[in-house]
Amino acid sequence: MLLEDLQVILKVAEFKSITAAASNLDMRTATASAAVKRVEQGLGFELFIRTTRHLRLSAAGERYIPQCQQAMAMLEQAKNTLKSDDDIIDGELRIALSSDLGRNIVIPWLDEFMQTHTQLSLRANISDSNIDFYRDSVDIALRYGKPNDASMYGFKICDVPRILCAAQSYLDTHGTPAHPHDLTEHKGLFYQLQDIIKDVWVFSDASEKFKVKLHGGHAANDGDLVRRWCVSGKGLAVKSCLDMSNELLAGNVINVMPNFKPTPTELWLVCPSRQSITPAVRLLRDAFREKSAGILKALIAKGIIDKSVLG
C-alpha cells in the first residue's frame with residue numbers, strides 16, 4: 001500500500017469529496033479515485049459510502065481513518081527527527097487563530113516567519129469558536145487560556161493582562177468610570193461564546209474583587225468586531241492587551257480604571273499530540289514568545305500595563 005494513496009484517503013476523508021481532495025493535492029479526480037479503490041481493495045473494506053451527491057465514512061472508515069492519521073503523523077515525526085538544526089524547515093503549518101489576535105497581530109508575524117522559512121506553506125483557520133483538531137483539520141492552535149484537556153500538549157507563550165478600554169469619544173460623552181460600581185451606568189460591549197453573553201465582568205484591586213453585571217446593546221461572537229465597536233466609541237470593552245495593543249499604542253483607545261484590573265489570562269500554543277510538535281512548530285513557538293514579549297514591553301514603556309507581567 002503506497003503512502004501516496006493513504007494521503008489521498010486522508011484528504012478525501014477531510015474534504016468529504018474525491019474531487020475536492022484531488023484539487024487540493026493537484027491531481028486529476030480519476031487519479032484520486034483510483035487511489036481510493038487501491039486502498040479499499042488492499043484492506044478488503046469500503047472506507048466511504050458514496051452516493052451521486054454525497055460521500056461519508058463507512059463504519060470501517062470511521063475506525064480506520066483516525067488510526068491512519070496517527071500512523072502518518074508518526075511517519076512525519078520520524079522524518080523530522082532525522083533533520084538537523086541546519087536542515088530546511090518545510091511542510092504545511094495548519095494553525096487555528098482567534099479572530100482579533102489572528103487578523104490584526106499574528107498574521108503579520110506568520111508572514112515574517114514564512115519569509116525566513118520559504119519552504120513552509122500556511123493554512124490559517126481564523127475563528128473564535130472552540131477548536132476540534134480532527135474536525136477542523138488543524139495541527140496547532142494559538143489560544144487564550146491554559147488547555148484543560150490533559151491529552152493536549154501546549155507551550156505557554158506569555159501572561160496576558162486584560163484591560164477595560166474605551167475610545168476617548170465615548171468617555172467625553174458618557175464620562176469616565178472611576179470604580180467598578182460606576183459601570184452599571186455605562187454601555188458594555190460583550191463577547192458571546194456559544195450563545196452565552198459575557199456580560200458579567202470581574203475586577204480586582206490590591207485587596208478586593210468586584211463582580212459587575214453590565215448592560216449594553218452590542219454583543220458578538222467575534223472578538224475583532226468587539227474591538228471595532230470599542231474603537232468607534234460604542235461603549236466599554238474588556239479585552240486582551242495584545243488584541244488592543246495597536247489601538248492602545250496609537251492612542252485610539254484608553255486604559256480605563258487602571259487600578260482595577262480585569263481577570264488576566266495566558267496565551268498558549270496548543271497541539272493535539274507530540275507528533276504535531278515539529279521543528280517548525282518549535283521555531284514558531286519561539287517567534288511567538290519573542291513577538292509577544294516585544295508588544296508587552298512597548299505597553300509597559302507607555303505605562304499602559306505593569307512590568308510585573310514579564311515575571
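**Pocket lining and ring pairs in a predicted model**

Phe190 and Trp201 are both buried in this predicted model.

Reader: How are the rings of Phe190 and Trp201 arranged as a pair?

Author: The ring centres of Phe190 and Trp201 lie 5.8 Å apart, and their planes meet at 70 degrees. Planes over 60 degrees apart fall in one class of pair. The angle of 70 degrees passes that cut-off, so the pair of Phe190 and Trp201 is edge-to-face.

Reader: Which strands hold Phe190 and Trp201, and how many residues apart are they?

Author: The pair links distant parts of the chain. Phe190 belongs to strand S8 and Trp201 to strand S10, and their separation is 11 residues.

Reader: What class of pair do the rings of Phe210 and Phe260 form?

Author: Phe210 is in strand S11 (residues 209-213), whereas Phe260 is in the loop between strand S14 (254-256) and strand S15 (261-262), 50 residues apart. Phe210 and Phe260 are both buried. Their ring centres are 5.7 Å apart with planes at 75 degrees, so this pair is edge-to-face.

Reader: Which charged residue sits over the ring of Phe155, and how far is its charged end from the ring centre?

Author: For an Arg, the atom CZ must be within 6 Å of the ring centre and within 35 degrees of the ring normal. The residue over Phe155 is Arg285, and the distance from its charged end to the ring centre is 4.7 Å.

Reader: Which element gives the most residues to the lining of the second largest pocket?

Author: This pocket has a volume of about 1,200 Å³. Elements that each supply at least two lining residues include strand S5 (140-144), helix H7 (223-231) and strand S16 (265-271). With 4 residues, the element that gives the most is S8.

Reader: How many residues of that lining are nonpolar?

Author: The second largest pocket is lined by 35 residues, and those nearest its centre are Tyr144, Gly145, Arg162, Tyr191 and Leu193. The lining has 9 charged residues and 9 polar ones, and its nonpolar residues number 17.

Reader: Is Ser98 buried or exposed?

Author: Ser98 is in the loop between strand S3 (91-97) and helix H5 (99-116). Beyond its neighbours within four places in sequence, Ser98 has contacts that include Arg103, Asp128, Arg143 and Tyr144. The cut-off for burial is under 20% relative accessible area. Ser98 has a relative accessible area of 10%, so Ser98 is buried.

Methods
Residues are numbered from 1 along each chain as its sequence is written. This is a predicted model: local features need pLDDT of at least 70, side-chain atom pairs count only at pLDDT 80 or more; totals for chains, interfaces and linings use all residues. Side-chain values use heavy atoms; hydrogens and water are left out. On a 1 Å grid over the protein atoms alone, a cavity is a set of points where a 1.4 Å probe fits but cannot get out, and a pocket is an open set with protein on both sides within 12 Å along at least five of seven lines; lining residues have an atom within 4 Å of a point. Grid points are joined across faces, edges and corners, and a volume is the space filled by probe spheres set on the points. Ala, Val, Leu, Ile, Met, Phe, Trp, Tyr, Cys and Pro count as nonpolar, Asp, Glu, Lys and Arg as charged, and the others, Gly among them, as polar. Buried means under 20% relative accessible area, exposed over 50%, partly exposed in between (1.4 Å probe, protein chains only). Contact means heavy atoms within 4.5 Å. Rings of Phe, Tyr and Trp (its six-membered ring) pair if their centres lie within 6.5 Å; planes under 30 degrees apart count as stacked, over 60 as edge-to-face and the rest as tilted.
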